[in-house]
Amino acid sequence: MKPAPFKYHRVTTLEEATGLLATLENARLLAGGQSLMPMLNMRFVVPDDVIDLNRIDGIAGIRDAGESIEIGAMTRQRDLMRDDVIATKAPIIPAALHWVGHFQTRNRGTIGGSLCHLDPAAELPCLMALYDAELTVQGPDGARKIPFAEWPLAYRIPSIGPDELLT
């Protein structure tokens, strides 16, 4: 099966993405596509618009922040598996990711996409719960932080506003 028709938007800034989210009524965000694309193909979701986040600078990468690690939402799962900071401070993350899909899935899949879809097959929601992660979302009114314990509202439904995106 193939997805229903939708309008594709390729954005390059957070402001452009949140601006579209604020004005489009039925939009979905595309990160790595490992959760979204099957949902589109099976028509579990039928958006009018898909906003591609892959060209936004500054929302991928891993940074040692002393007592914590900062991970950008567009960071690929393969990068989590290969990073020295992750290996040292959170070694269960690369160990668990070896059990997620196959190498093609891990090459495209992002931590943000997995967390926004609360995809249990990705292991990342469980890992973020284990580490008491704090998530930052960006919307038209600025950024806000959400403790991971408050992130899931229900199965596959995160507590993120319709005009916000995970950074």
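## Ser159 and its surroundings

Ser159 touches Arg144, Ile146, Glu150, Trp151 and Leu153, leaving aside residues up to four places away in sequence. The model in which these contacts are found is a predicted one. Ser159 belongs to the loop between β9 (157-158) and β10. With a relative accessibility of 15%, Ser159 counts as buried, because the cut-off for buried is under 20%.

Glu164 is buried, at a relative accessible area of 12%, whereas Arg144 is partly exposed, at 38% relative accessibility.

## The sheet of β7, β6 and β10

Strand β7 belongs to an open sheet of 3 strands in the order β7-β6-β10, and the pairing is antiparallel. β7 (142-147) and β10 (165-166) stand at the edges with a single partner strand each, so one side of each has no neighbour in the sheet.

Strand β6 (residues 134-139) pairs with β10 over 2 bridges, in the antiparallel sense. Gln138 stands opposite Leu165 in β10.

## Strand β3 and its parallel partners

Elsewhere in the chain, pairing is parallel. Strand β1 (residues 7-10) runs parallel to β3 and is joined to β3 by 4 bridges. His9 is the residue opposite Ile51 in β3. Strand β2 (residues 27-30) also runs parallel to β3, again with 4 bridges, and Leu30 stands opposite Asp52 in β3. β2, helix α2 (residues 36-41) and β3 together make a right-handed β-α-β unit.

In a regular strand, side chains alternate between the two faces of the sheet. From strand β3 (residues 49-52), Asp49 and Ile51 point one way, while Val50 and Asp52 point the other way. All of these residues are buried.

## Other salt bridges

The structure has 4 salt bridges. Among them is the pair of Lys89 and Asp64, whose closest N and O atoms are 2.7 Å apart. This pair also links distant parts of the chain, with Lys89 in helix α4 (residues 84-89) and Asp64 in strand β4 (residues 62-64), 25 residues apart. Lys89 is partly exposed, with a relative accessible area of 33%, and Asp64 is partly exposed as well, with 39%.

Asp79 forms a salt bridge with Arg78, and the closest N and O atoms there are 3.5 Å apart. Asp79 counts as partly exposed at 29% relative accessibility. Arg78 is partly exposed too, with a relative accessible area of 26%.

## Cysteines

A search of the whole structure finds 0 disulfides. Cys116 is in no disulfide, and the nearest cysteine sulfur, that of Cys126, is 16 Å away. The sulfur of Cys126 has its closest cysteine sulfur in Cys116, and this 16 Å is too far for a bond, because a disulfide needs sulfur atoms within 2.5 Å.

Cys116 is partly exposed, at 24% relative accessibility, whereas Cys126 is exposed, with a relative accessible area of 55%.

Notes: Residues numbered from 1 in each chain as written. Predicted model: local features only at pLDDT ≥ 70, side-chain atom pairs only at ≥ 80, totals over all residues. Heavy atoms only, no water. Pairing = 2+ DSSP bridges. Buried < 20%, exposed > 50% of the residue type's maximum accessible area, 1.4 Å probe, protein only. Right-handed = clockwise from strand over helix to strand, strands pointing away. Contact = heavy atoms within 4.5 Å. Salt bridge = Lys/Arg side-chain N within 4 Å of Asp/Glu carboxyl O.
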